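Dear colleague,

I am handing over the structure below, and after it I set out what was found in it. Please read the notes with the structure open beside them.

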Amino acid sequence: MPAALREVLDDLALFPDRADRIEALIDIGSDYQNFSAEQVPRDERLRVPGCESEVFFLAIDRPGGGKEYRFAVDNPQGISAMALAAILQRASGSSREDIAAIPEDLVYRIFGNELSMGKSLGLNNMLRVLKLA
Amino acid sequence: MAPTVVKIEDRGYVRPEVLVSTEWVAEHLEDPGVRIVESDEDPLLYASGHIPGAVEVDWTRDLNDQLRRDYLQKEGFDALMSRIGVTEDTVVVFYGDKNNWWAAYAAWVFHLFGHDNIRIMDGGRLKWQKEGRTLVRERPVYPPTNYDAPVRDDKRFRVFRDHVLAHVAEGKKLIDVRSPEEFNGTRLHMENYPNEGALRGGHIPGAASVPWAKAVNPEDGTFLPADELKSIYADGAGIHPDDDVIVYCRIGERSSHTWFVLRYLLGYGSVRNYDGSWTEWGNLVGAPIER
């Protein structure tokens, strides 16, 4: 798994209390900067399926290897999507092997397992589009 | 341009007092007889900013039994109400994300314990936010109360599968509030939602299809006026105020929204929510299904 994501999980593990973890995730989400339509076109082909927060995803090849990952989150209430976008974008530049090694249950490791089914699907699809890029 | 919103009292509802505007809430932030409750699908939303003085009621942790598929019992409800500083006389105002979907669900669970002194904030969290009203991150703490709820009453507003089977046999009315694709069986789950393991698709025999969100103005999340709601439920679906009605969806949350509309905004006398819904019915051996 990319070291940057491992670091996030290690940091979140410092907050066993759910409320503290939520505050930490909100802080991560507040650092998120949305992308303009020039940076991430709002093209239906780039839309993350099942994500009600209007999320679009673009992966761009980096000259030195790896990809730059960009998530555009257009719903101002999509705070969970913004937090996950900020986290996943830290995987930019990682090797294919590291991306492939991102655990499938990453979303639950980050947010806990008390997500609704709809929310789980949207967030998990953000991870899936990144892994498939 | 923002849509024109007809005042709640001018929309022709049977019980207009159960719906309050964002203005009303803003004027009652300091009212000790009012407790504002946010209930969301997104677990980060409340903590990221909420109406000043609002407490959070989480639909998974606070309202559901953590072991059995059921809601909390009296002791849990007493503890919840004590924690959020609510007495038997407190007016509880719910609001939340997704057009008050989860707020209506919480309001319905409160009714199971006889706390029907509730309001729903028209337009929910999104309308409050769009109007540029204040959101704060401080979690309020209220003095605990000694709430003494009655034992949960599952007869007035809730039904179980055996009752639904009898209801179907008697040819009584049901409303399936899921999407048309779920209703006709081409999908086993809500669009863009995961398959929750229902083995059969379709609907309970005799049910009318009225997706829950039809009751809401998609522009701002406010409820439609009564004449438009009547057009949907009575004229369109043939469900009338004196009918004995059961509403259902997937696990009983979307149908709580329709339950609120029928019971309060249109004044239907007998509306109950089948929270077992399709995740139970679609797996129930031998249960009758239509497509």
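Asp17(A) caps the N-terminal end of H2(A), where one of its side-chain oxygens lies 3.1 Å from the backbone nitrogen of Ala19(A). This is a predicted model, in which local features need pLDDT of at least 70 and side-chain atom pairs count only at pLDDT 80 or more, while totals for chains, interfaces and linings use all residues. Residues are numbered from 1 along each chain as its sequence is written, chains are lettered from A and ligands numbered from 1 in the order in which they are written, and side-chain values use heavy atoms, with hydrogens and water left out.

H2(A) has 13 residues and reaches 18 Å from its first C-alpha to its last, close to the 18 Å expected at 1.5 Å a residue (the expected span being 1.5 Å times one less than the number of residues). Its buried residues (under 20% relative accessible area) are Arg21(A), Ile22(A), Ala24(A), Leu25(A), Ile26(A), Ile28(A) and Gly29(A). These pack against helices H1, H3 and H5 of chain A, together with helix H2 of chain B.

The axes of H2(A), residues 18-30, and H3(A), residues 79-88, come within 7 Å and cross at roughly 70 degrees, and the two helices are therefore roughly perpendicular to each other (65 to 115 degrees). Leu25(A), Ile28(A) and Gly29(A) of H2(A) make the contact (heavy atoms within 4.5 Å) with Met82(A), Ala83(A), Ala86(A) and Ile87(A) of H3(A).

With regards

Technical notes:
Axes are lines fitted to C-alpha atoms, for helices over the stretch in contact, and angles run from 0 to 180 degrees between N-to-C directions. Helices (H or I, at least four residues) and strands (E, at least two) are DSSP runs, numbered from the N terminus. Angles under 35 degrees count as roughly parallel, over 145 as roughly antiparallel, 65 to 115 as roughly perpendicular and the rest as oblique. Buried means under 20% relative accessible area, exposed over 50%, partly exposed in between (1.4 Å probe, protein chains only). A polar contact is a pair of N or O atoms within 3.5 Å; within protein, one must be able to donate a hydrogen and the other to accept it, and residues adjacent in sequence count only if both atoms are side-chain atoms.
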